[in-house]
Amino acid sequence: MNGIYVHIPFCNSICSYCDFPKQIAKEETKELYLKHLISEIQSFKDLEWIEKTQSIYIGGGTPNSLSIMQLEQLFLALEPYLKHAKENTIEINPELLTDEQIALFLKYNIHRISIGVQTFKTNLIETICRKHTKALVVQCVKKLKKAGISNINIDMLYGLPKQTMKDLKYDVKQFLKLKVPHISYYSLILEEKTILSYQMKHAQINLPDDDLVVDMADYLTQKLKKRQFIHYEISNYAKKGYESIHNLGYWNCEEYIGFGAGACGYYRDIRYQNPASLKQYYKGIQEKSMITKEEAKKEFMMLGLRKLEGVSILEYYKKFQSYPNDDFDIVSLLEKDLIEEKNNFIRIKENRIWLGNLVFEAFVGGE
C-alpha cells in the first residue's frame, strides 16, 4: 500500500499542547507556501507509484483554515492521487467548517473527515486553547452526514490538566452520541516548546497522576468495546470496516510520501524529512537516510506492536528471512508477561497495552 501525507502548517490559533509545525499566517504567506507545496507535489513523477496510492491524508496545522480557492488549488494538484486512492482524509476544526468546504470535499472525492475535538468540556477546551464548543461539534457532524459523508473520525485527548474521571466519562458519552465510526483517543504527551510545557515548568497547571491516567484509558477502552468499537491500535478504535487505511500503512511499515514543511516520507528504503522552517523548505533542503536492514527490523516490530493484533511472524520472515526470536530477546518479554505469541502473531497482552513503552524499549538498543 502506498500513502501520501500533505502538511498544512497554518492555524487560526495555537493549541497549548501542540508541537506540530504550524503558525498563524497572513494570506500572502499561505499563497507562497501553496506555490511551493504544489510544485513539490507536481515534481513527483513515479506514475506506477501514483496508480498504487491507497490513501491520502491532509493534516496540519488546520487544513480547513485555508480559503476555498486555496483548498481547490491544493485538491487540483492532488487530483491524480485522489482519483485512485481508497481513502482520502482531511483534518478539520469544527468551528471553521462551511457548506462550501463540504461541497469541495465531495467534488474531489475527500470522503473521510477527521475532526479535532480533544474534549467537550468547556473549561478544558479553554485550558488547551481550543475554539470550538460542544454544539459546534454536533452541528459539524450533522452537516457532514447530511451531505453524505459518514466516514468520520473524532480526535480526542485524555490526561488533560484539571481533567477528572467524571470529565472523561462525560467526553466519552458525548462522543457516543455523535454515532460516528472512528475515534483516535490519545493520552496527552507534554511536549517541549509548547504552552502547556511552559505552564508545567512554572507550576501554573497540574496533570492527572499516572494511576488516574491508566484508569481513564481502561475506562474508555471498556466503554467503547461495549459499543462494538474494535480496539485495533493503542490509541485507535473503529467500527468494523472503518479502520484507518492510512494509519495502518504506517504501522505496517509500508511506503508513503510526505509533502510539505516538516513532512516525512519513506520511499524505496529511504527515510526523509522536509524542514519545518518555511524558509528552509522553500530551498528544497531534505534530511535523507538509508534504512538499514537492522533498523527496518526494529521499526517493523515497534510499529507493528502498536496494533492490537500485533506482528505477523510469517510477514516478518517474508520481509527479512529471519524470525523475531532470532533477532530480538522475545523470550525476556514473554517471561515478563508483557507480550504473548498467539496464532502466529506476537502482540502486547491487552491488559499490558498501557505498558507499551516498556516493550518498545526492547527494540531500541539493537539486536
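Predicted model: local features only at pLDDT ≥ 70, side-chain atom pairs only at ≥ 80, totals over all residues.
The largest cavity has a volume of about 40 Å³. Its lining is formed by Cys253, Tyr266, Ala296, Glu299 and Lys319. These lining residues divide into 3 nonpolar and 2 charged, with no polar residue.

## Aromatic pairs

The model holds 19 aromatic pairs. One of them joins tyrosine 316 and phenylalanine 320 in a tilted arrangement, with 4.9 Å centre to centre and 55° between the planes. Both residues belong to helix 13 (residues 313–320), where tyrosine 316 and phenylalanine 320 are 4 residues apart, about one turn of the helix. Tyrosine 316 counts as buried because its relative accessibility is 0%. Phenylalanine 320 is likewise buried, at a relative accessible area of 4%.

Another pair is made by tyrosine 317 and tyrosine 323, whose ring centres are 4.7 Å apart. Their planes meet at 25°, so this pair is stacked; the cut-off for stacking is under 30 degrees. Tyrosine 317 is partly exposed at 36% relative accessibility, and tyrosine 323 is partly exposed with a relative accessible area of 37%.

Ring pairs also link Phe10, Tyr33, Tyr281 and Tyr282 into a cluster.

## Charges over rings

Two lysine side chains are placed over aromatic rings. Lysine 121 lies over the face of tyrosine 170, at 5.0 Å from the ring centre. The charged end of lysine 239 sits over the ring of phenylalanine 229, and the distance to the centre of that ring is 4.7 Å.

Terms used: Residues numbered from 1 in each chain as written. Heavy atoms only, no water. 1 Å grid on protein atoms, 1.4 Å probe; cavity = no way out; pocket = protein on both sides within 12 Å on 5 of 7 lines; lining within 4 Å. Points joined across faces, edges and corners; volume = space filled by probe spheres on them. Nonpolar A, V, L, I, M, F, W, Y, C, P; charged D, E, K, R; others polar. Phe/Tyr/Trp six-rings, centres within 6.5 Å; stacked < 30°, edge-to-face > 60°. Helix = DSSP H or I, 4+ residues; strand = E, 2+ residues; numbered from the N terminus. Buried < 20%, exposed > 50% of the residue type's maximum accessible area, 1.4 Å probe, protein only. Lys NZ or Arg CZ within 6 Å of the ring centre and 35° of its normal.
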